[in-house]
Amino acid sequence: MKLTRILNCVGLFTDNDSRLALFLSETTPFGYTREPTSVKNFLLGNNVTFHWIFSFGSMPHTYFEEMIFGETDNNDRIMDKYISLYPDLSEIKNPTVPYPLRKRLSVVSKKITATDISVKFQIQNANINDVSPKTYGCKVYFDYYDYRSGPVELAVSPSIVIWRNTYSVVRGGTVRLNCDADGLPLPYVTWMKGGTVLQNSTTNYQYHISNIASFQAGNYTCIATNIGGSVSHNIDVIVST
């Protein structure tokens with residue numbers, strides 16, 4: 001997010017009982033020029049990197065005070081500070097963060113110039129405790145103000161394991177179609193046939209048909225969806241007389 005501050009300065013001067021009005025207006029663009037996507041997909045056990053770049057615009061780089069990475073309140077407000085980074089690029093981990101998490105936090109890249117600061121924070125060996133509903137963000141203290149970026153959610157993209165691609169059943173019989181879906185957060189599973197939604201569920205991934213008729217033969221689609229994306233698989237049902 002790019003920010004623009006309008007600095008207006010009005011001064012009154014007295015010289016030989018005459019007044020001179022001085023108006024100074026300056027437009028200064030600055031702010032985040034690189035931010036993580038709102039949802040980051042990852043594989044369990046892998047490292048997750050968050051990259052932020054904050055531009056100083058035409059403002060002096062000495063106005064930069066601190067960059068903070070941490071857990072947010074499901075918006076952009078940091079409620080649990082993880083790591084603080086300072087103008088000399090020194091970094092401090094928050095000692096109140098539980099040790100199992102604190103030891104997995106790191107800064108893998110950091111650079112400050114006269115025009116911006118670029119930092120890559122990392123959560124190592126990411127696990128199920130790091131995903132949604134947790135959210136993450138960054139806060140920069142610059143020229144006595146704070147500028148926020150976030151929230152960022154972590155997700156394991158859905159996957160589907162189908163043990164059977166075809167089911168054969170006698171007319172009037174019963175069939176149970178299975179869609180073994182996995183992901184974090186838990187995927188929302190939809191069953192469809194011919195463009196029609198048959199069933200939505202977050203817990204029951206099985207679609208049950210009893211007293212099946214001939215017209216119910218055909219192609220069924222299982223779709224698993226979470227914040228990390230969606231995946232689908234087709235299953236054929238054959239009804240014999």
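**Exercise 1. Burial and surface**

Task: State what share of the chain's residues count as buried, and describe the accessible surface.

Solution: 
- Step 1. Of the 241 residues in this predicted model, 39% count as buried.
- Step 2. The chain's accessible surface comes to about 13300 Å². Carbon and sulfur atoms account for 51% of that area.

**Exercise 2. Fold and contacts**

Task: Count the helices and strands in the chain, then find how many contacts join residues at least 24 apart.

Solution: 
- Step 1. The chain has one helix and 19 strands.
- Step 2. Take contacts between residues at least 6 apart in sequence. Of these, 58% join residues at least 24 apart.

**Exercise 3. The nonpolar cores**

Task: Identify which residues touch the most other members of the largest nonpolar core, and which strands each supply at least two of its residues.

Solution: 
- Step 1. The largest nonpolar core holds 34 residues. Phe-50, Trp-52, Phe-54, Met-67, Phe-69 and Phe-142 touch the most other members.
- Step 2. At least two residues of this core come from each of S2 (18–34), S4 (48–55), S5 (64–72), S6 (78–85), S8 (105–112), S9 (116–123), S10 (135–142) and S11 (145–161).
- Step 3. As background, nonpolar side chains in soluble globular proteins tend to be buried together.

**Exercise 4. Strand S4**

Task: Decide whether S4 is mostly covered or mostly uncovered, and describe how S4 is joined to S9.

Solution: 
- Step 1. Seven of the eight residues of S4 are buried, so the strand is mostly covered.
- Step 2. S4 and S9 run antiparallel, joined by eight bridges.
- Step 3. Opposite Val-48 stands Ile-123 in S9.

**Exercise 5. An aromatic pair**

Task: Classify the pair formed by Phe-30 and Phe-142, and work out which parts of the chain the pair ties together.

Solution: 
- Step 1. The structure holds 22 aromatic pairs. In the pair of Phe-30 and Phe-142, the ring centres are 5.5 Å apart.
- Step 2. The planes meet at 45°, so this pair is tilted. Stacked would need under 30 degrees, edge-to-face over 60.
- Step 3. Phe-30 lies in strand S2 and Phe-142 in strand S10, so the pair links parts 112 residues apart in sequence.
- Step 4. Both Phe-30 and Phe-142 are buried.
- Step 5. Phe-30 and Phe-142 belong to one aromatic cluster with Tyr-32, Phe-54, Phe-56, Tyr-63, Phe-64, Tyr-145 and Tyr-147.

**Exercise 6. Charges over rings**

Task: Find which ring face Arg-164 lies over, and which one Lys-193 lies over.

Solution: 
- Step 1. Arg-164 lies over the face of Tyr-167, 4.2 Å from the ring centre.
- Step 2. Lys-193 lies over the face of Tyr-220, at 5.6 Å from the ring centre.

Methods: Residues numbered from 1 in each chain as written. Predicted model: local features only at pLDDT ≥ 70, side-chain atom pairs only at ≥ 80, totals over all residues. Heavy atoms only, no water. Core = buried A, V, L, I, M, F, W, Y, C linked by side-chain atoms within 4.5 Å. Buried < 20%, exposed > 50% of the residue type's maximum accessible area, 1.4 Å probe, protein only. Helix = DSSP H or I, 4+ residues; strand = E, 2+ residues; numbered from the N terminus. Contact = heavy atoms within 4.5 Å. Areas by Shrake-Rupley, 256 points an atom, 1.4 Å probe, with all protein chains shown as cover. Phe/Tyr/Trp six-rings, centres within 6.5 Å; stacked < 30°, edge-to-face > 60°. Lys NZ or Arg CZ within 6 Å of the ring centre and 35° of its normal. Pairing = 2+ DSSP bridges.
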